[in-house]
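Hello,

Here is the structure I promised to pass on to you. Have a look at it, and then read my notes below.

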Amino acid sequence: MSDRANLMKKISAYAFAAYDWNLYLDTHPNDTDAIAMFHKMADKASALKKEYEDKYGPLTAEASQDMERWNWLDCPWPWEKY
Amino acid sequence: MWSYQKRLQYPVNIKNTNPQLAQYIVSQYGGPNGELSASLRYLSQRYSMPNEMTKGLLTDIGTEELAHLEIVGSIVRQLVKNATTDEIENSSYGVYFMNHGRGVFPADSSGMPFDANCIAVSGDPIADLTEDLAAEQKARAVYDNILRVSDDPDVSDVIKFLRQREIVHFQRFGEALDQLQNTPEIQGFCPGMNAK
């Protein structure tokens, strides 16, 4: 698997874990252990996303950094194979 | 409002074309128990929900269903993108192909376009959450049917993920319904439920 695909896979895993804690917390808002787990997963996902964006371009339009070219448009788009 | 992240919630990398399978799977794009139906239902029901728990949960699950819609659309597209017209003609996808080519149009597997009649927004939180429990089971059942006919492991892998999410959503909606039914203020909000 390419470095890009590998990094994306890790992002998906941590972001998904954070998201699942998000849903659990929606019905268990006072579970402080769950809140801690959410942040643990979300922080890891954020760090990996930053690493991905530095190497391969923005994951959100707002994160675009290239001042010469609007690289938000760059392929591949998510429904295309990496 | 929504922000878009340029990634899929779960990766889709289908190696082989299969228009017949695409025809079945498109039902989870625009069919009555598919992801468009789910997202529209939850994102619409949330406006009339009575408390922060239900407003938050329906917003969050509704948003995840949009991410699933994108995954299903990606599967359908990848299954037909490089399919030959021969392959397409020799599957029931041929009839869909006439009006949509290798595009992704929201319809069920029989070609019926998406119809909002498949969702209900009653404005009554108990009725709406009960509908949501049924919706998640119906979606899970359709994913079971897809797994029964799929012989493509790349496809089945993603379908299993989507199926598992329906089960988790069912669990969350069950908790929400349970909490709502045990909330004294809500009992007044829903006349007929334990009304004195």
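**What I found**

In chain A, 46% of the contacts (heavy atoms within 4.5 Å) with a separation of 6 or more are between residues 24 or more positions apart. For chain B, the corresponding share is 76%.

Before you go further, please keep in mind that this is a predicted model, where local features need pLDDT of at least 70, side-chain atom pairs count only at pLDDT 80 or more, and totals for chains, interfaces and linings use all residues. Residues are numbered from 1 along each chain as its sequence is written, chains are lettered from A and ligands numbered from 1 in the order in which they are written, and side-chain values use heavy atoms, with hydrogens and water left out.

**The two chains**

Chain A contains two helices and zero strands. Helices (H or I, at least four residues) and strands (E, at least two) are DSSP runs, numbered from the N terminus. The C-alpha atoms of chain A fill a box of roughly 45 × 30 × 20 Å along the principal axes. Its radius of gyration is 15 Å, whereas a compact globule of 82 residues would have one near 12 Å; the radius is taken over C-alpha atoms, and the globule rule is 2.2 Å times the number of residues to the power 0.38.

Chain B has nine helices and zero strands. Its C-alpha atoms fill a box of roughly 65 × 30 × 30 Å, again along the principal axes.

How much of each chain is buried? Of the 82 residues in chain A, 34% are buried, and of the 196 residues in chain B, 48% are. Buried means under 20% relative accessible area, exposed over 50%, and partly exposed in between (1.4 Å probe, protein chains only).

The accessible surface is about 5100 Å² for chain A, with 56% belonging to carbon and sulfur atoms. For chain B it is about 9000 Å², with 53% belonging to those atoms. These areas come from the Shrake-Rupley method with a 1.4 Å probe; for residues, only the protein chains shown count as cover.

**Helix α1 of chain A**

Helix α1 (residues 3-27) of chain A has 25 residues, so at 1.5 Å a residue it should span 36 Å, and its end C-alpha atoms are 37 Å apart, which agrees. The expected span is 1.5 Å times one less than the number of residues.

The buried residues of α1(A) include A:Leu7, A:Ile11, A:Ser12, A:Tyr19 and A:Leu23. What covers the buried residues of this helix? Their cover includes α2 (32-56) of chain A, together with α4 (52-80) and α8 (153-181) of chain B.

Take A:Ser12 in this helix as an example. A:Ser12 is buried, with a relative accessible area of 10%. Leaving aside neighbours within four places in sequence, A:Ser12 is in contact with B:Arg7, B:Leu8 and B:Gln9.

**Two more places to look**

B:Asn117 sits in the loop between α6 (93-100) and α7 (125-149) of chain B. B:Asn117 is exposed, with a relative accessible area of 70%. In sequence B:Asn117 and B:Pro32 are 85 residues apart, yet C-alpha to C-alpha they are 8.4 Å apart in space.

Finally, go to A:Pro76, in the segment after α2 of chain A. The peptide bond from A:Cys75 to A:Pro76 is cis, with omega near 0 degrees. In general, most peptide bonds are trans.

Happy exploring!
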